[in-house]
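Here is a short report on charged side chains and a few other features. Look at the structure, then read on.

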Amino acid sequence: MADNINIPHLARLARLSLDDAAQARAADDLGNIIDMIDVMQAIPTDGIEPMAHPLDATQRLRADAVTEQVERAIFQNVAPETADGYYLVPRVVE
Amino acid sequence: MQPYATARRLSAGLAANEFSAAELIDHYLSAINAANPRSNAFITINEAGARAAAAAADEARRQGHATALTGVPMAHKDIFCTQGVLTTCASHMLHNFVAPYDATVVQQLQNAGAVCVGKANMDEFAMGSSNENSAYGAVANPWSAAHVPGGSSGGSAAAVGAGLVPLATGTDTGGSIRQPAAFCGITGLKPTYGRVSRYGMIAFASSLDQGGPLAHDAEDAALMFSYMAGFDEKDSTSADRHDAWLAQIPEHGIGDLPGNLTIGLPTSFFAALDDTSHLDQVRRELEGLGHTCVDITLPNADAAIPAYYVIAGAEASTNLSRYDGVRFGHRCENPQSLEDLYERSRSEGFGEEVKRRILTGTYALSVGYFDAYYVKAQKVRRLISNDFISAFKQVDVILTPTAPGPAFEAGALTKDPVAMYQQDKFTVPVSLAGLPALSMPCGFAEGLPLGAQLIAPAFREDLILALARDFQRQTDWHTQHPQVAS
């Protein structure tokens, strides 16, 4: 399976831009990593329930009540660019 | 001041008025400032915050509100959010991130009066086994500057190992407390998944991440652990446990073992080592204490590293999608579009290994590969967990090596990620099963410390802490320290 890794596609999905040299390195490294991972394909797992939580705990639910406080100013203090309580990004719609 | 003093010794000295917390912190800060240019164990040294906390600790003691940690210096791995103090996760992505709140662990240790001297270096986003993946530079092993301290909690382990603090927090996703503890000659505990709150602990792989203590010995590790653990409603995976033995540690220390234990030694883990003499000696010591050692098998353990790199990569690629240059952290200059903002901010902010893990996880989660990789890895994870469940029907505790060998030379594995990943082959199976495990010093090879790993069933940290304490009463590996004191 390791020979059909499409690095530009994966980089695009992960929102990473890689130059040619970085793409070549990533292809080598990922090929080796996936080869290493493929060792597990040999293990029979028919009928085994996938394990999402190490102790099989289920999601704890809380009462449906408002517990959050509005702390926008505090959190926007660490934002790169804000104005009037909004986060600023480049124009999306012309 | 006695070099390499334990937290218990410092606590006793404070209680007996031998020195004040203010005097203590002066001593430790000057040692840290002198050592850090060579060691690089710290990303941030918070002198003003530490002196203020020490003054508050002295005042709390005067008023009769001292705990066993009041006035005791410690460090936080730079993965824990500290309000008003830079929290970088050793990433350029967070070079400017001053956390707006404290992690629960930070809050709890602060409430106990512990004095945080600063933030310890680590592998970027806790991804690494050598601390060489830090945007703030590598960390020297306190026993040999040419060797790595292990990772990802390398700064924490190096700081304790060098005597710069008696206690430090770490986090362990696949071995990141245990392996650096082994490499630096100290004791480190990875608690049961859910035991210590993950709130404010920057997420890497959420089904695996767990905070824990690094200390000189099991008693100190237990003491720090007792203040870190506990249910937290802010962490949706926090375990609602109230273990009496844990609550008694600050006053009474680690309790006695319920009796003689049966200790399992997984044959394949020992067969993988060239030299097991240090572990053979641990076995003899434990047998001398009255315990019985038996061989066991963990048949699927070889598949742990493959399954782990799928699961941890998938969870990392998801968790790290939050770094988008919009709300906090690094933002590229002059973004031309929203896509450009995302791509350049992330590409400039993340280091090589972080990108590798994100790409691995993206591959495992992508259309057409999800079942073959992610679901398959989750099934293998269950088989590995079942291996431990079967083993614990025969034995009380499991003994293994912590790492394949002592600390390796800096640069030795940086070009070969797959070889680096094998460093964690003895620690990762435990992580996948969510079990508690500790590493304790048990010998030397080429002048570098070696570690033994003890593994317990879920929520039975008491067994391995007591066993390590008893071992440390019989041996002096944990009281041996590097020649060059700080």
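Start with a network in chain B. Glu219(B), Asp256(B), Arg469(B), Asp470(B) and Arg473(B) are linked by salt bridges. The model is predicted. Over all chains, the count comes to 30 salt bridges.

| Pair | N to O distance |
|---|---|
| Arg356(B) and Asp29(A) | 2.9 Å |
| Asp56(A) and Arg382(B) | 2.9 Å |
| Arg62(B) and Glu59(B) | 3.0 Å |

The pair of Arg356(B) and Asp29(A) crosses between chains. Arg356(B) sits in helix 14 of chain B, and Asp29(A) in helix 2 of chain A. Both residues are buried.

Asp56(A) lies in the loop between helix 2 and helix 3 of chain A, while Arg382(B) lies in helix 15 of chain B, so this pair joins two chains. Asp56(A) is partly exposed, at 44% relative accessibility. Arg382(B) is buried, at 15%.

Arg62(B) and Glu59(B) both belong to helix 3 of chain B, 3 residues apart. Arg62(B) is exposed, with a relative accessible area of 63%. Glu59(B) is partly exposed, at 34%.

Glu132(B) is buried but has no salt bridge. The nearest side chain of opposite charge, Lys415(B), is 9.4 Å away. Glu132(B) lies in the loop between strand 3 and helix 5 of chain B. Its contacts include Asp123(B), Phe408(B) and Met420(B).

Now the surface of chain A. Ile74(A), Phe75(A) and Tyr87(A) form a nonpolar patch there, with about 250 Å² of accessible area together. Phe75(A) is in helix 3 of chain A and is partly exposed, at 35%.

Chain A has an average pLDDT of 92.

Notes
Residues are numbered from 1 along each chain as its sequence is written. Chains are lettered from A and ligands numbered from 1 in the order in which they are written. This is a predicted model: local features need pLDDT of at least 70, side-chain atom pairs count only at pLDDT 80 or more; totals for chains, interfaces and linings use all residues. Side-chain values use heavy atoms; hydrogens and water are left out. Helices (H or I, at least four residues) and strands (E, at least two) are DSSP runs, numbered from the N terminus. Buried means under 20% relative accessible area, exposed over 50%, partly exposed in between (1.4 Å probe, protein chains only). Lys and Arg count as positive and Asp and Glu as negative; His and the chain ends are not counted. A salt bridge is a side-chain nitrogen of Lys or Arg within 4 Å of a carboxyl oxygen of Asp or Glu. Contact means heavy atoms within 4.5 Å. pLDDT is the predictor's confidence in each residue, from 0 to 100. Patches are made of residues with over 30% relative accessible area and no salt bridge: like charges are joined within 9 Å, nonpolar side chains (Val, Leu, Ile, Met, Phe, Trp, Tyr) within 5 Å. Accessible areas come from the Shrake-Rupley method with a 1.4 Å probe; for residues, only the protein chains shown count as cover. Lists of a residue's contacts leave out its neighbours within four places in sequence.
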